[in-house]
Amino acid sequence: MSKSRRKSIECFNCNNKLKVAHNYCPTCGQENHNKQASIGTLANDFASDYVGFDNKLFRSIFPLLTNPGAITKEYLKGKRVRFIKPIRMFLFLSFLYYGLSMLLFEDTGSNVTFTEGTVSEKDSLAFNDSFRQNIKLAVFFFTPIMAWFFMLFYKSETRKYYVSFFVYTLHLFSLLFLLGIISELVDALTNFIVPESLSANYFLLGVKIILFIYMIYYSVVSLKRVFQKKNNILLFIIVLLMAVIASAIIILAFLFLLWWRLGAFDV
């Protein structure tokens, strides 16, 4: 038998007046229970939030991976409770991917080489450290840019607002991070079983090619399902290239400013 509630006449959260019949505050939804916070309360709060997030995540991952455009269509129809929210999914999978990359492999980010005498060794190291730390953030700028190009080419009477294309792009990049996680895990497992093997290298190359082809297929099919456009792979490639070029210009401008701040252009 469950313990009876020790009710209060006033909500501890929003100070709204409560009645005896109120098990929850009608204003803010907090439970009407006159009790002090305890370790059990904290554990219950954490468990409920974690389990809720965990369930939504697993309910979202499978259709995200196997059913192109399904989650986006459901979200745009207003069905937003069953699946994890687009931004939360995007952030979670991106952090998981980058964290896994750092955990499994050494940071092999590209270095920028300067002409001898133009920049001191100290400034060169500072530049490359900053470059490696910030280049991964490029995807966070690339996402809204690509959403804008999707809107430019896929806009219709039913899908004409930017937010629809932004939600779609968040889901698309979430899939990209998910495929990246799969690739990293396969890479790590293969290198653990057969390190530095030529056959392993061919196998990993094959896996990456398959994932790349699936990403292109997924993008084209999901665009058709969400925005009711024909399966036009050429149009998708054009959109992708334009978004890449626009993002590259922004990144190069950022690097130029960073280089300029280090005094590389001082006479």
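Helix α3 (residues 86-104) has 19 residues, which should span 27 Å at 1.5 Å a residue, and its end C-alpha atoms are 27 Å apart, in agreement with that value. The expected span of a helix is 1.5 Å times one less than its number of residues. This is a predicted model, in which local features need pLDDT of at least 70 and side-chain atom pairs count only at pLDDT 80 or more, whereas totals for chains, interfaces and linings use all residues. Residues are numbered from 1 along each chain as its sequence is written, and side-chain values use heavy atoms, with hydrogens and water left out.

**The chain as a whole**

- The chain holds eight helices and zero strands; helices (H or I, at least four residues) and strands (E, at least two) are DSSP runs, numbered from the N terminus.
- Read from the N terminus on, the elements follow the order α-α-α-α-α-α-α-α.
- The chain has 267 residues, of which 34% count as buried; buried means under 20% relative accessible area, exposed over 50%, and partly exposed in between (1.4 Å probe, protein chains only).

- In α3 the buried residues are Pro86, Met89, Phe90, Leu93, Ser94, Tyr98, Leu100 and Ser101.
- Seen down the axis of α3, these buried residues fall within an arc of 160°, so they line one face of the helix; the arc is that of the directions from the helix axis to the C-beta atoms.
- Phe95, Met102 and Leu103 are exposed on the other side of α3.
- An α-helix has 3.6 residues a turn, so residues three or four places apart point the same way.

**Helix α3 against helix α6**

- The axes of α3 and α6 are 9 Å apart, and the two helices pack at an angle of about 25°; axes are lines fitted to C-alpha atoms, for helices over the stretch in contact, and angles run from 0 to 180 degrees between N-to-C directions.
- α3 and α6 are therefore roughly parallel to each other; angles under 35 degrees count as roughly parallel, over 145 as roughly antiparallel, 65 to 115 as roughly perpendicular and the rest as oblique.
- The crossing of α3 and α6 is left-handed; a crossing is left-handed if the near helix is turned anticlockwise from the far one by less than a right angle, and right-handed if clockwise.
- Phenylalanine 177 is part of helix α6, and its relative accessibility of 4% makes it count as buried.
- From phenylalanine 177 to tyrosine 97 the distance is 6.1 Å, C-alpha to C-alpha, although they are 80 residues apart in sequence.

**Helix α6 against helix α7**

- Helix α6 (residues 162-193) and helix α7 (residues 198-227) have axes that come within 11 Å and cross at roughly 165°.
- α6 and α7 are therefore roughly antiparallel to each other, and their crossing is right-handed.
- The contact of α6 with α7 has 18 nonpolar, six polar and two charged residues; Ala, Val, Leu, Ile, Met, Phe, Trp, Tyr, Cys and Pro count as nonpolar, Asp, Glu, Lys and Arg as charged, and the others, Gly among them, as polar.
- The 30 residues of α7 reach 43 Å from the first C-alpha to the last, close to the 44 Å expected at 1.5 Å a residue.
- Glutamine 228 follows α7 and has a positive phi, near 55°.

**Residues in and after helix α2**

- Glutamate 74 lies in helix α2 (residues 70-76) and, at 22% relative accessibility, counts as partly exposed.
- Glutamate 74 is 152 residues from valine 226 in sequence and 9.6 Å from it in space, C-alpha to C-alpha.
- Phenylalanine 83 is placed in the loop between α2 and α3 and counts as buried at 14% relative accessibility.
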